[in-house]
Amino acid sequence: MSRTPYPRIATLKTAAAFRQHLDRTGIPLAFDDQLAAPEASPFARPIEVDGSRVGNRFCILPMEGWDGTSDGAPSELTRRRWRNFGISGAKLIWGGEAVAVRHDGRANPNQLVLNARTQPAIGAMREELTAAHRARFGAAADGDLLIGLQLTHSGRYARPEAYDRPAPLAATHHPVLDPRFPNGVPVIADAELSTLEDDFVAAARLAREAGFAFVDIKACHGYLGHELLAARGRPGRYGGSLENRTRFMRTVIERIRAEVPGLRVAVRLSVFDMTPYRKRPDGIGEPEPVGGHLGSVEGAVLPGFGVLADDDRLGEALDDSRFVLRMLEGLGVRWICATAGSPYYNPHIQRPAMFPPLDGYEPPEDPLRGVARQIQATALLKRDFPGLTFVGSAYSYLQEWLPHVGQRSLRDRLCDLVGLGRIVLSYPELPADVLAGAPLRRNAFCRTFSDCTTGPRLGLVSGCFPLDPFYTARPEAIKVRNARTARLV
Ligand SMILES: Cc1cc2nc3c(=O)[nH]c(=O)nc-3n(C[C@H](O)[C@H](O)[C@H](O)COP(=O)(O)O)c2cc1C
């Protein structure tokens, strides 16, 4: 089991015990002791945005499964995950999962790609989600269900041909990250970025025709759309000033609004970041010193977007995001999904967990601190941009306390919707149970073993191997468990 000294959430069984732990550690996380009755629940309040009605305050975050076909279409596993999104009861489906706009932008050979060939199958999967929602919640239940599609190019983290063969196409050189790619890191040229803008617009058009209400122009987690925002040392039209670094996002959104009328645009943004982490000899994560690397890069300007040095300066670190949000508001974007960091270089920031994935490190802080940081960052931005609708991320580590913290976050207007990621893999019906006031299934709560990330790191599909009987019964479960236990001895 984990060697880290943080109490497991399952042991914090009462509100008093949970509060005492938060008080003792100084982790700023507010929660309600009791869940409200269904008719009074802040989760049950619909929200109207941009002409669309969303029936409640639960949002399913995008969750890839590394399980598409080699030509980028969904498999039965992909469709099952999306059906589970449909039966969750959540009324906002933020993107489903990352879908590459072209082959070289795939993060793995099984990532979905949206093109004329795959469009019918991806559209049919959206219909399956809707049908599952209707079958569970009633024939008219999809009237306030909003489904978007997340569009991406994986940039530095592209691996289109084989899961263990990186084919990076970075936005900028990075003194710490580049050495992690032994075969070098090509930087995408300005002309190629213009072509990629065309690809995003073409994919957006296909998404609209496939019935999606919006597309998310992904700008998070270290992928190309995010790394461009950080490209401070990049020369030319797409680098340097924030004006230039936002050019790609701005152009894509302006063009979609002009060329694909009727389709709404949303943005998932890593609203803050930290420098890349590495594993210490004792297995715990630590920031990788930048100084030693910087000397190797001529005239180096350290890339970064909203880089947070210490928690007291979170407000300051969000200035980059404020610039982007002001721009997005001006472009008519109303939906923002706040996330942080990257699963590749600082996973404890992005998806707080007790147990690291295969390529990760033991948590350098109580994972609750990571949860609180994302909630706080989202709250600060919501305060500054009350006209934007914010979905919060990184609640899964809260486990039994997720509904209590989520309810309080909604009541205090720290966010507009509570996003659910990993928990949906182990307990898809959590939103429906909370909304019905039903007893919650303790044994279905994600315990953040990170097997859903370790699977893909081994070239296998993702899924909740420990808790979802469907995945527990699959042959991959043994390989994933062996990999996890091997790294703990
Ligand atoms: C297996 C897995 C797949 C994911 N796929 C995506 C994705 O396709 N797009 C995306 O923006 N985030 C993706 N994420 C990140 C989640 O959307 C979410 O931000 C993260 O898990 C933190 O939220 P949580 O605490 O509720 O899990 C993925 C996370 C996991 C664990």
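Select Ile 217 to start; Ile 217 lies in strand 7, residues 214–217. Strands (E, at least two residues) and helices (H or I, at least four) are DSSP runs numbered from the N terminus. This is a predicted model, in which local features need pLDDT of at least 70 and side-chain atom pairs count only at pLDDT 80 or more, while totals for chains, interfaces and linings use all residues. Residues are numbered from 1 along each chain as its sequence is written, and side-chain values use heavy atoms, with hydrogens and water left out.

Ile 217 counts as buried because its relative accessibility is 3% (buried is under 20% relative accessible area, exposed over 50%, partly exposed in between, with a 1.4 Å probe and protein chains only). Show its contacts next (heavy atoms within 4.5 Å). Beyond the neighbours within four places in sequence, the partners of Ile 217 include Leu 151, Phe 200, Val 252 and Arg 268. Ala 266 is another partner of Ile 217; the two are 49 residues apart in sequence and 6.4 Å apart in space, C-alpha to C-alpha.

Now select the cysteines. The structure holds 0 disulfides (a disulfide is a pair of cysteine sulfur atoms within 2.5 Å). The cysteine sulfur closest to that of Cys 415 is in Cys 337, at 10 Å, so it is too far for a bond. For Cys 446 the closest is in Cys 464, at 6.3 Å, which is also too far for a bond. Cys 415 is buried at 3% relative accessibility, and Cys 446 is buried at 8%.

Turn to the cavities. On a 1 Å grid over the protein atoms alone, a cavity is a set of points where a 1.4 Å probe fits but cannot get out, and its lining residues have an atom within 4 Å of a point. Points are joined across faces, edges and corners, and a volume is the space filled by probe spheres set on them. The count is 7 cavities of 30 Å³ or more.

The largest cavity has a volume of about 450 Å³. Select Pro 62, Met 63, His 221, Gln 350 and Arg 351, which lie nearest its centre among 31 lining residues. Helix 16 (451–457) is one of the elements that supply at least two lining residues, and helix 16 gives the most, with 3.

The second largest cavity has a volume of about 250 Å³. Its 25 lining residues include Ala 353, Arg 422, Thr 448, Phe 449 and Ser 450, which lie nearest its centre. Helix 11 (347–350), helix 14 and helix 16 each supply at least two residues of this lining.

Notes: On a 1 Å grid over the protein atoms alone, a cavity is a set of points where a 1.4 Å probe fits but cannot get out, and a pocket is an open set with protein on both sides within 12 Å along at least five of seven lines; lining residues have an atom within 4 Å of a point.
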